[in-house]
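Student: Could you walk me through this one with me? I would like to look at how its parts meet.

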Amino acid sequence: MIAELSHAALALAFALAVAQAVFSLWGAWQNDARLMAVPPLTAFGVLVFTAASFAGLTYLYVTSDFSVANVYSNSHSAKPLLYKFTGVWGNHDGSMLLWALVLAAFSALIGAFAGNLPPRLRANVLGVQGLIAAIFILFILSTSNPFLRLEIAPAQGQGLNPVLQDIGLALHPPLLYLGYVGCSVAFSFAVAALLEGRIDAAWARWVRPWTLATWLFLTLGIAMGSYWAYYELGWGGYWFWDPVENASLMPWIAATALLHSALVMEKRDALKIWTVLLALLTFSLSLLGTFLVRSGVLTSVHTFASDPTRGVFILAILIFFVGGSLALFALRVSELKVGGIFAPVSREAALLLNNLFLSAICATVFVGTLYPLMLESVTGEKISVGAPFFNATVGPLALVLVALMPAGPLLAWKRADAAGVAQKLALAAAASLAIAIGVFATNGAPLYPMIALTIGIFAVAGALTEYATRIALFRAPFAESFSRARGLPRSSLGTFFAHLGVGLSLIGIAAEGGWSVEKIASVKPGESIRIADFDLRFHEWAERQGENYRDIAAIIELRRDGILIGKLAPAKRIFVMRGQQTSEAGIRTFGLSQLYLSIGDPVADRSVALRAYWKPLVLLIWLGGVVMALGAAISLSDRRLRIGVPKSAAKKKLAAVPAE
Amino acid sequence: MKKLALALSLIVALMLPVAAVQPDEVLADAALEARARALSLQLRCMVCQNQSIDDSDAPLARDLRILVRERLKAGDSDTQIREFLVARYGQFVLLEPEKNRRTALLWLAPLIVLLAGGLVLLRFFSRRRAAPIPLTAAEKKRLKELT
């Protein structure tokens, strides 16, 4: 009953989404105020019915209704309750339903909060959103329906892939989807602007908060996925340049570029064409990510060809939106007026340079991810493009970008004084060089991590310099600096934190890459090995029973200077029901550094294959991501201030447009 | 204890994946081992999704790791080992693709984008500099008053 009702709710959501697309786009075309009043209501309706459908699927999972094929294949009655909830999106069909739910939520939010948008812009935006929702819900209904029943209900389900039974991976997809789908908002705004053939600074002011929110979720989603891989996969790697990871990285890079170019557009009314193009590309890349992950094309071109229904459908969606929007762009681009003039040395030019490098990085990831697929389908030749390629290409580009980053916020708009900025940054540069030389003298260092570390420290010092400059630290009395700090706009505080986060992440990456210590040894009970300052003594094997798994753990005593400071229990976790196992690392944090233990196979003589890592400053990698996201959140909290501004700007603009 | 022994044997019996580099694979010669690790990071585990043989749990990866170390002990250079593996498994085994005609577009992609973008930027600025907006008469007058 619930399955059928949920199915019906989804079908209703589809119908409403179609209505939303038709009413709004037609209404905007005809400039019919009555029609244009409909979309906020339908957007809310789509949300209600999609949410009902999603709640229905959740209910089926929680009650373990194995008569539903999707629940049977991905759940088990003995699964912990938490994973009955998160298991809803731990499979293809459910995750597409989550995708649609997030999209509906974004559309409803636009409908609710966009009261001050010009009605035609709002109608066009919601029209495009409705179109996206309709097509994706149709995709679910026709190829990925999670509500199909089995002829005979089995007594027990097949269980969820153990790798997914982890809180990190349970929260990773929703965050990433909030980011992926959030890109649709900027896309819809861009298409709406192209449909109207008009775009202005107010447009950028509406788009920026949405892009900021999108970027925030993408940043957190990627950071969380990376940390999950680090502690779950058992050898301490955190980024593998896997095509699936690249699929999430590309929209993030494009959204980063979009944030910066929209800033120029908002403040200076320049770079309009480029900003619109970026908005289109960002969502195109997130659709591409969905295609790559969901079609199976990544495993092999051949698996894609053998079961093409889903893949072909998503490919068609991809071609429709990417091709359609780019064609519209080509048609209308000449109508967008170029505004704002600036000199080659200015904040605008710096942001352009940022966009140039981000584009180059994004293009490299794009080509690197798709090249093997293209080559194989054209020549039949199979090659691999893996981590060494990306490290050799993306690495240097990213380092140059981060090295230039501190200068950006210090440059004035329109025309800036390069020498003055260099002078301001001299202290930061000297400090980072001094610290780097100190590290080199005490620890020695490989070249590449050394360069990365220096640039990372420079980025942090540069961000602090910029903050100090803004509050006139040491140049004015402290009381004044304090009041300046309090009066600093949230958006510049956001910039400070975001840039600080980039520097922190880079320091973490450099430290992990250059100064990690690794020890692999076979250890018998009672024996010890030494890593960094620590003595690790293998005490004994132990077994622990979990709710639906069994851990076989090696109890390791941890000593520093002969004093026992704790025990770690790296384990193999066996999920008997599915005959699968995962590895559970034993991790102990010291400040920002971590001691990381994982174990291999137990051997016949009861010894353990122990892999121990000392990873200095490794936590900075993800902490930097959190700080970046914090920056976005702070900048977003500025939004209330912003929302008042476009209102008047919009009215003025609206009045200036001649009646048609 | 008995149960534990049973569980241990269960792991072995199920042939569950073992972790990456195992203690028994590690070479005594530290310099040679370091070369082995660096090489392993560049070689793909062919039965895995996207892992180097250094990271992978698969039995095939272990075989390749041991093979690489045997060749190193026999005195092969890194290039010789790579060539040997390419002859055996094809280009697919290299995580860093060779630079040749067929991969030119791949390797040059970052440069192409940077150069093309840089050219666009240069044109953008030179065109603007060529045509500065002249001051209006009122602005000129005001300028005169100020100076």
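Student: How many residue pairs are in polar contact between chain A and chain B?

Tutor: This is a predicted model, where local features need pLDDT of at least 70, side-chain atom pairs count only at pLDDT 80 or more, and totals for chains, interfaces and linings use all residues. Residues are numbered from 1 along each chain as its sequence is written, and side-chain values use heavy atoms, leaving out hydrogens and water. A polar contact is a pair of N or O atoms within 3.5 Å; within protein, one must be able to donate a hydrogen and the other to accept it, and residues adjacent in sequence count only if both atoms are side-chain atoms. With both residues at pLDDT 80 or more, the count between chain A and chain B is seven.

Student: Which element gives the largest share of the side of chain A that touches chain B?

Tutor: Elements giving two or more residues to that side include α15 (387–404), β3 (534–545) and α14 (347–379) of chain A; helices (H or I, at least four residues) and strands (E, at least two) are DSSP runs, numbered from the N terminus. With twelve residues, the largest share comes from α14(A).

Student: Which residue of chain A meets B:Arg102 in a salt bridge?

Tutor: A salt bridge puts a side-chain nitrogen of Lys or Arg within 4 Å of a carboxyl oxygen of Asp or Glu, and there are two between chain A and chain B. At 2.5 Å, N to O, the partner of B:Arg102 is A:Glu381.

Methods
Chains lettered and ligands numbered in written order.
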